[in-house]
Amino acid sequence: MVELQGVSKTFFPNTPNEVRALRNIDLTIDRGSFVCVIGTNGSGKSTLLNAIAGAFLVDEGRIRLDGVDVTRWPEHRRAKLIGRVFQDPFSGTAPSMTIAENLALASRRGRPRGLGLALGGRRRAELRNRVASMGLDLEARLDNPIGTLSGGQRQSLTLLMSGLIKPSVLLLDEHTAALDPKNADQVIRLTQEFVSRDKLTTMMVTHSMHQASHLGDRVIMMDRGRIIHDISGVERQRLRPEDLLARFEEIRRANQLDESAAEMLRQQYI
Amino acid sequence: MTLLVGSLTMGVILSLLAFGILISFRVVAFEDLTVDGSLTLGGATAAALMVSGTNPVLATIAGMLAGAVAGSITATLHTRFEINRLLSGILVMTALYSVNLRIMGKSNTPLPYETTLMQYGESAAKTLFGEQTVLQISGWQLPARDLCGLLMMAAIALSMGGALYAFFRTNLGLAMRAVGDNSRMVRALGVNVEWLTTLALFIGNGLIGLSGALLAQYQGFADVQMGIGMLVWGVASVILGESLVGTKKIGLLISGALMGSVLFRLLVAIALRWGLNPNDLKLITAVFVFVALVLPKFLSRGSRLVKGAANG
């Protein structure tokens with residue numbers, strides 16, 4: 001379960017480059033829910049995920065994961081509760097280390113790392129089974145450096161790694177955007193498989209209206225650091241990609257007015 | 001023969017330096033300039049203790065710990081106070097110059113044979129070879145105590161290399177290697193990158209301090225200048241080792257550093273024998289590192305050109 005209360009973040013405050021990336025976000029995501037986050041560039045989607053992951057500390061508000069207040073926790077401490085896959089397939093794995101070593105690293109996510117052997121026989125066999133279950137024929141290549149694999153294979157492994165220890169929330173930040181269509185489909189298939197098998201609470205940022213209307217049980221649309229649409233239940237089930245595109249069109253029209261004019265109009269007419 | 005054994009011994013002692021540089025420069029990708037200072041610190045600490053009558057084993061361990069502390073100070077300057085990596089190293093290295101003078105009380109401390117670890121080499125030679133102090137090996141003459149000194153240093157270097165290899169196969173060691181490979185990823189996996197960087201520099205400079213302590217005992221004195229140029233020396237050994245083993249596997253990198261250090265020392269000994277002016281040594285070392293860094297890029301560009309010509 002993810003709870004955000006009044007979360008705000010401003011980058012470069014009091015400078016000409018000031019960006020109010022998140023404005024007073026309230027959001028509760030139930031355990032086991034799969035939420036797609038959409039929005040235009042710069043709307044705050046990735047910032048929202050990074051705020052939860054702890055890439056920066058928020059200016060205001062509270063963040064709770066499974067009831068634990070993590071607002072002041074540094075990134076590496078929150079990792080215990082969070083699985084992540086980034087947009088860049090090269091961000092999620094250590095290229096010069098082998099597949100097995102990368103998996104071994106992930107299998108102790110957020111746990112103390114001592115002087116125990118990282119890849120003992122039993123652990124290795126376990127990891128081999130997990131890799132084999134993906135059906136990518138990578139189990140024979142456990143000792144190859146992960147940098148020798150394709151972007152799609154690396155992203156699939158990153159996904160596997162993020163779930164080796166069940167996270168309180170899985171954060172997927174446009175994790176298929178950098179892949180070709182075939183590999184993207186592959187990774188989406190694995191995502192569905194893992195999420196439904198382990199009933200993971202998931203937040204997925206995506207630019208694909210197709211993904212947003214087919215995956216998960218809830219869609220959140222963001223604009224200028226706010227959540228402007230929150231679609232779930234029956235409405236979500238009827239949702240088609242065209243409906244989402246229409247809402248984007250609305251935003252585009254609204255954004256043609258500048259901020260202060262929009263604010264004025266809102267106060268006068270709404 | 002004496003020359004050969006001498007340069008082998010030096011190479012083995014300095015392989016500990018190469019291990020330290022491998023950890024900071026390669027494993028956690030931290031360009032640590034503390035080296036010239038921490039090597040001298042190890043030598044100075046051990047020398048001062050031995051002169052005042054401390055057991056040489058304890059003194060050597062103290063030299064190692066002193067180096068380790070210096071390394072962790074550099075890391076702390078960077079991780080806590082956000083000082084640039086290069087500057088953190090330079091600050092500590094510069095400060096260590098005064099510290100080393102303070103520790104020794106003068107710029108050079110001679111170390112009589114009987115006070116150092118080398119005495120164990122001598123007593124080992126006595127038990128092994130009895131009264132025969134000069135060995136005849138296929139017509140070459142070799143003092144028995146030199147051979148035992150080499151074996152002792154090799155044992156220390158090999159055990160340290162083995163310990164490092166074992167460490168890098170543990171959960172903690174694996175995380176440390178990932179810090180230099182992809183720090184964003186290890187953070188997302190719950191690794192405290194700052195703490196592991198500090199630990200890496202602690203271990204690395206500990207080995208460098210140990211190298212300095214052994215070097216002082218082998219050459220019979222500790223000098224406040226003994227660390228100058230050692231950083232480049234170590235980098236040269238690591239690069240040479242990498243080209244010898246040609247992979248990124250950690251076990252091979254460690255053995256490569258050992259081989260690179262010994263080979264480099266041998267090459268230098270040969271060059272000196274041929275009449276190279278010792279004053280030019282550091283210049284040559286620097287040029288060697290430059291060439292080793294640039295050559296691979298140059299070669300791959302060359303082969304691309306050749307391929308392009310063949311295709312077009």
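Predicted model: local features only at pLDDT ≥ 70, side-chain atom pairs only at ≥ 80, totals over all residues.

Me: Let's start with chain B. How many helices and strands are there in chain B?
Reply: Chain B has 12 helices and four strands.

Me: And how compact is chain B for its 312 residues?
Reply: Its radius of gyration is 20 Å, and the globule rule gives 20 Å for 312 residues, so chain B is as compact as a globular protein of that length. Along the principal axes, its C-alpha atoms fill a box of roughly 70 × 50 × 40 Å.

Me: What share of chain B counts as buried?
Reply: 50% of the 312 residues. As for the contacts in chain B between residues at least 6 apart in sequence, 77% of them join residues at least 24 apart.

Me: OK, on to the core. Which residues touch the most other members of the largest nonpolar core?
Reply: V37(A), F19(B), L22(B) and A200(B), out of 160 residues in that core. Helix α9 of chain B, residues 193-219, provides the largest share of the core, with 15 residues.

Me: What does A200(B) touch?
Reply: Leaving out residues up to four places away in sequence, A200(B) touches I23(B), S24(B), V27(B), V28(B), F30(B) and M176(B).

Me: Now the interface. How many residues of each chain are in contact?
Reply: 19 residues of chain B contact 26 residues of chain A. On the chain B side, the elements giving two or more residues are α7 (171-181) and α8 (183-188). Of the elements there, α7(B) gives the most, with seven residues.

Me: Switching to chain A. Is helix α1 (residues 45-53) enclosed or open to the outside?
Reply: Nine of the nine residues of α1(A) are buried, so the helix is largely enclosed by the rest of the structure. Among those buried residues are K45(A), S46(A), T47(A) and N50(A), along with L48(A) and L49(A).

Me: What happens just after α1(A)?
Reply: G54(A) comes there, with a positive phi of about 90°. G54(A) is also in contact with W73(A), and so is R78(A), if you leave aside neighbours of W73(A) within four places in sequence.

Me: Where is W73(A)?
Reply: W73(A) is in the loop between β5 (68-69) and α2 (75-78) of chain A. It is partly exposed, with 17 other C-beta atoms within 10 Å. From its C-alpha atom to that of I63(A), 10 residues away along the chain, the separation is 9.9 Å.

Me: What about α6(A): what span should its 18 residues have?
Reply: At 1.5 Å a residue they should span 26 Å, and the end C-alpha atoms are 26 Å apart, which agrees.

Me: Which residues of α6(A) are buried, then?
Reply: Q186(A), V187(A), I188(A), L190(A), T191(A) and V195(A). They pack against β3 (34-39), α5 (151-162), β7 (169-173), β8 and α7 (209-214) of chain A.

Me: Tell me about β8(A). Which strands pair with it, and in what sense?
Reply: β3(A) pairs with β8(A) in the parallel sense over four bridges. β7(A) also runs parallel to β8(A), joined by four bridges. M204(A) in β8(A) is the bridge partner of C36(A), and M204(A) is the bridge partner of L172(A) as well.

Me: Which way do the residues of β8(A) point?
Reply: T202(A) and M204(A) point one way, M203(A) and V205(A) the other, and all are buried.

Terms used:
Residues numbered from 1 in each chain as written. Chains lettered and ligands numbered in written order. Contact = placed C-beta atoms within 7 Å. Core = buried A, V, L, I, M, F, W, Y, C linked by C-beta atoms within 7 Å. Buried ≥ 20, exposed ≤ 12 C-beta atoms within 10 Å, placed from the backbone. Rg over C-alpha atoms; globule rule 2.2 N^0.38 Å. Expected span 1.5 Å × (residues − 1). Pairing = 2+ DSSP bridges.
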